[in-house]
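Reader: Please walk me through reading this model. Start with the fold, then take single residues.

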Amino acid sequence: MAQQYKCPMCGATFGSQSELEEHSKKEHAKEMQKKSQSEMRSQ
Ligand SMILES: [Zn+2]
C-alpha cells in the first residue's frame, strides 16, 4: 500500500516525496544547473 516516488532521471524509488526531492537536489543538481547554464551560454 505504501506509495513509491520514482526519480524520473535515474529510476530510484523513495518512500516519500521529500526523500525524492532531496535525492534530486543532491544527485541531479548538476543536470538541473546544466539546463539554466546552457540558456545563459546561448548568447
Ligand atoms: Zn535520481
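**Fold and exposure**

Author: The protein chain has two helices and two strands. Helices (H or I, at least four residues) and strands (E, at least two) are DSSP runs, numbered from the N terminus. This is a predicted model: local features need pLDDT of at least 70, side-chain atom pairs count only at pLDDT 80 or more, and totals for chains, interfaces and linings use all residues. Residues are numbered from 1 along each chain as its sequence is written.

Reader: Which pattern does the protein chain follow along the sequence?

Author: The pattern is β-β-α-α.

Reader: What share of the protein chain do buried residues make up?

Author: First the cut-offs. A residue is buried if 20 or more other C-beta atoms lie within 10 Å of its own, exposed if 12 or fewer, and partly exposed in between; C-beta atoms are placed from the backbone. Here buried residues make up 0% of the 43 residues.

Reader: Why does S16 count as exposed?

Author: S16 has 12 C-beta neighbours inside 10 Å, so it counts as exposed. S16 sits in the loop between β2 (13–14) and α1 (17–27). Its C-alpha is separated by 6.9 Å from that of Q4, 12 residues apart along the chain.

Reader: Where is E19 found?

Author: In helix α1. E19 is partly exposed because 14 other C-beta atoms lie within 10 Å. E19 and Y5 are 14 residues apart in sequence, and 8.5 Å apart in space, C-alpha to C-alpha.
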